[in-house]
Amino acid sequence: AYYSAAQKIIFTLYVLPTLAATSLFPSMVRLVGATVKFKALFEKSARNMLLAAMPITAGGLVLGPQLMVLFYGDAYLPAAGPFAILLLTVPVVFAANIVNNALIVQNKQGYFTAYAVIGFFINIALNFALIPFLGINGAALSTLVTETAASAYIWRKLNRLNGFSLPGGLWKGLAATGTMALVTLVMTALGSYVLVTIAISVAAYALALKTLKDPL
């Protein structure tokens, strides 16, 4: 029940990059023959996905226990552990949605078979290895490693096709995320209500990006 509680919130967050990637799909299809423009669109989209994922992850790590109480009550505080670990999959999944679309528009969806096989066997092996020692945290860690390994595989395949590089200019996003996390920590220490803390943290992240003159 604890793991399911954490997982439901994470899966809800996964919907966000899916919607964004779906809206970008027609543009990718239109530019698939224009190598330079296609590469620019992909790298910009992947960068923006990561800029959206980073504050979600950092804020969630700080506010995990409060979020569990908000959504489920005090009895579900033990879900904060697996929630924190599963949050680390958010940047991976956000970027992977763009990678997946880039492969599909180039008719390379066959790579997803290997992607699924890799994820299947790694997840089973790690669950057997980690759950007896770490319990639900072991299950969450297994998911994190599986998502990362499988996503690294499809990124490598895409990079071989198109020579994409990792999105550049992320330092501003990292700086803004650090600033936001500090604000979140201070608000939490002051006993601020979790929804108020989230609102102020979002504003702090946006203000930090604006101050750093980030293109987003």
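In this predicted model, helix H1 (residues 2–31) packs against helix H3 (residues 80–87). Their axes come within 8 Å and cross at roughly 30°. That makes H1 roughly parallel to H3, as the angle is under 35 degrees. The crossing of H1 and H3 is right-handed.

From H1, the contact draws on Tyr3, Ala6, Gln7, Ile9, Ile10 and Leu13. From H3, Pro82, Phe83, Leu86 and Leu87 take part. The class count for H1 with H3 is nine nonpolar residues, one polar and no charged.

**Helix H8 and its partners**

Helix H8 spans residues 194–211 and packs with helix H2, residues 35–72. The angle between H2 and H8 is about 165°, and their axes are 11 Å apart. H2 is therefore roughly antiparallel to H8, the angle being over 145 degrees. H2 and H8 cross in a right-handed sense.

On the H2 side, the contact residues are Leu51, Pro55, Leu63, Gln66, Leu67 and Leu70. On the H8 side, they are Val194, Leu195, Thr197, Ile198 and Tyr205. By class, the contact of H2 with H8 holds nine nonpolar, two polar and no charged residues.

H8 also packs with H7, at an angle of about 150° and with axes 8 Å apart. H7 is thus roughly antiparallel to H8. H7 passes H8 in a right-handed crossing. H7 supplies Lys172, Gly173, Ala176, Thr177, Thr179, Met180, Val183, Thr184, Met187 and Thr188 to the contact. H8 supplies Thr197, Ile200, Ser201, Ala204, Tyr205, Ala208 and Leu209. The residues of the H7 contact with H8 divide into nine nonpolar, seven polar and one charged.

| Helix pair | Axis angle | Axis distance |
|---|---|---|
| H1 and H3 | roughly 30° | within 8 Å |
| H2 and H8 | about 165° | 11 Å |
| H7 and H8 | about 150° | 8 Å |

Where does Thr184 sit? Thr184 is in helix H7, residues 171–189. Is Thr184 buried or exposed? Thr184 counts as buried, because its relative accessibility of 1% is under the 20% limit.

Leaving aside residues up to four places away in sequence, Thr184 touches Val62, Leu63, Thr197 and Ser201.

Thr184 and Ala58 are 126 residues apart along the chain, yet their C-alpha atoms are separated by 9.1 Å. Thr184 and Ala204 are 20 residues apart in sequence, with a C-alpha to C-alpha distance of 9.1 Å. Ala204 is in helix H8. At 15% relative accessibility, Ala204 is buried too.

**The salt bridge**

Side chains of opposite charge can pair when their charged atoms come close. How many salt bridges are there in this model? The count comes to one salt bridge. Its partners are Asp214 and Arg47, with the closest N and O atoms 2.4 Å apart. That distance meets the criterion, because a salt bridge needs the nitrogen within 4 Å of the oxygen.

The pair links distant parts of the chain. Asp214 is in the segment after H8 and Arg47 is in helix H2, 167 residues apart. Asp214 is buried, at a relative accessible area of 9%. Arg47 is buried as well, at 11% relative accessibility.

Which values of phi stand out in Asn107 and Lys213? Asn107 has a phi near 60°, a positive value in a residue other than glycine. Asn107 lies in the loop between helix H4 (90–105) and helix H5 (111–134). With 58% relative accessibility, Asn107 is exposed.

Lys213 is not a glycine either, and its phi is positive at about 55°. Lys213 is exposed, with a relative accessible area of 69%, whereas Asp214 is buried at 9%.

Definitions and conventions:
Residues numbered from 1 in each chain as written. Predicted model: local features only at pLDDT ≥ 70, side-chain atom pairs only at ≥ 80, totals over all residues. Heavy atoms only, no water. Axes fitted to C-alpha atoms, helices over the stretch in contact; angles between N-to-C directions. Helix = DSSP H or I, 4+ residues; strand = E, 2+ residues; numbered from the N terminus. Parallel < 35°, antiparallel > 145°, perpendicular 65-115°, else oblique. Left-handed = near helix turned anticlockwise from the far one by under 90°. Contact = heavy atoms within 4.5 Å. Nonpolar A, V, L, I, M, F, W, Y, C, P; charged D, E, K, R; others polar. Salt bridge = Lys/Arg side-chain N within 4 Å of Asp/Glu carboxyl O. Buried < 20%, exposed > 50% of the residue type's maximum accessible area, 1.4 Å probe, protein only.
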